[in-house]
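Please open the model in your viewer and keep the selection panel at hand.

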Amino acid sequence: MRIVSGIQPTGNLHLGNYLGAIRNWVRMQDEYSAKGAECLYFLADLHAISMPHSPAELASNTREMVAALVSCGIDPDKSILFNQAQVPAHAELQWLLNGTARMGWLNRMTQWKDKAGKNREGASVALFTYPVLQAADILLYQGTHVPVGDDQKQHLELARDLAQKFNNDFCPEDAPLFTLPEPIIPPEAARIMSLRDGTAKMSKSDPSDMSRINLTDDADAIMQKVKKAKTDPEPLPATVEGLAGRPEANNLVGIYAAMVGLAPAAVLAEFEGKGFGQFKPALGELLVEKLSPMAARYRELREDREALDAILCKGALNARDLAAPTLTRAYEALGLVRG
Ligand code: ADP
Ligand code: TRP
């Protein structure tokens, strides 16, 4: 087993990122590194240049994201934590896979369609080939399990198709090069919604800061945001079915459940018949209690540039070693001569 996953260093981590992605990384790290499996987690800084970006911000976001991941529980002694830019094999394997990827496959990607919008002619080539780099990220390490959010399922399917086609086209039948990776999508907390609109995803790109809980929020801000969260006037129902048609209530109960590690039904059993006047302070306090220690570590670590660079440097050395054999075999399989 080998666990591989990445996240773009876009800055401003929020509760959706934590519950939907990072917490799952930490869980898998703790469970599988104890069994001797390797976990590789990286900042997808090469992916970040597929959209207009500020170089200075990318550099500082990359370091901030390392600080955030470590604060949330990624342990650089248990996991290999690095950024793509320090491991050239990612970009190299992407180019090699570009020969196998088909225009038609990439044209069907919903992220490409969403992000390019109506202006496809003006979108970057990197945005179009983004899923090929993502496949390279995983296949380079023979990743078997890839913890991601639901929105990345299609990219994982593409990675499998690429691996399969490359194996078929360029490898002997009894010696395929690439392992077919499986996405691991956490069922609970797969989608945390905005505090202002229960039908929209909690996202850093929402213009209203009140829509999300940030990892950098202090206790007052968290309590305020929960208090002001949109709700309805009804008390909480006895069963999960009773949350149907109440997206905001459903979201807040879901957040509570995810934070305590219980099913929403168990949360409703405790709060049945209570109004938001009672539920919201309980939720706010729970969030403060769980997030404050992480926020405190984060504030301290993000100032320590030397420590952050050392973490990335160590991770990159390990990642390069693990990547080398597969990259060499990919060059050889394609008939590329390298002295
Ligand atoms: P954002 O939507 O804020 O721009 P990203 O797209 O950078 O976040 O996502 C980073 C990671 O966090 C991804 O793995 C994604 O699946 C997860 N994620 C982002 N928002 C949410 C959310 N609201 N609920 C659950 N997971 C989320
Ligand atoms: N595209 C992923 C996202 O936006 C980030 C990512 C890049 C990734 N490379 C990856 C995730 C490899 C898993 C495996 O969330």
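Which residues are around ligand 2? The model on display is a predicted one. Select ligand 2 together with Ser 5, Gly 6, Phe 42, Ala 44, His 47, Tyr 130, Gln 134, Asp 137, Ile 138, Val 146, Val 148 and Gln 152, which are the residues around the ligand. By class, this shell comprises 6 nonpolar, 5 polar and 1 charged residues.

Next, colour β1 (2-7) and α7 (125-139), each of which supplies at least two residues of the shell. Helix α7 gives the most, with 4 residues.

Now display the side chains of Tyr 130, Gln 134 and Asp 137. A nitrogen atom of ligand 2 is 2.7 Å from an N or O atom in the side chain of Tyr 130. For the side chain of Gln 134, the corresponding distance from a ligand nitrogen is 3.0 Å, and for that of Asp 137 it is 2.7 Å. The protein covers 89% of the 360 Å² of accessible area that ligand 2 has on its own.

Move on to Gln 94, in helix α4 (residues 89-98). Gln 94 is buried, with a relative accessible area of 14%. Leaving aside residues up to four places away in sequence, Gln 94 touches Thr 129, Val 132, Leu 133 and Ala 136.

Finally, select helix α9 (residues 219-228), in which Ile 222, Lys 225 and Val 226 are buried. Seen down the axis of α9, these buried residues fall within an arc of 95°, so they line one face of the helix. Then turn to the face of α9 directed away from the buried side, where the exposed residues Asp 220 and Lys 227 are found.

Note on methods:
Residues are numbered from 1 along each chain as its sequence is written. Chains are lettered from A and ligands numbered from 1 in the order in which they are written. This is a predicted model: local features need pLDDT of at least 70, side-chain atom pairs count only at pLDDT 80 or more; totals for chains, interfaces and linings use all residues. Side-chain values use heavy atoms; hydrogens and water are left out. Buried means under 20% relative accessible area, exposed over 50%, partly exposed in between (1.4 Å probe, protein chains only). The arc is that of the directions from the helix axis to the C-beta atoms. Contact means heavy atoms within 4.5 Å. A residue is near a molecule or strand if one of its heavy atoms lies within 4 Å of it. A polar contact is a pair of N or O atoms within 3.5 Å; within protein, one must be able to donate a hydrogen and the other to accept it, and residues adjacent in sequence count only if both atoms are side-chain atoms. Accessible areas come from the Shrake-Rupley method with a 1.4 Å probe; for residues, only the protein chains shown count as cover. Ala, Val, Leu, Ile, Met, Phe, Trp, Tyr, Cys and Pro count as nonpolar, Asp, Glu, Lys and Arg as charged, and the others, Gly among them, as polar.
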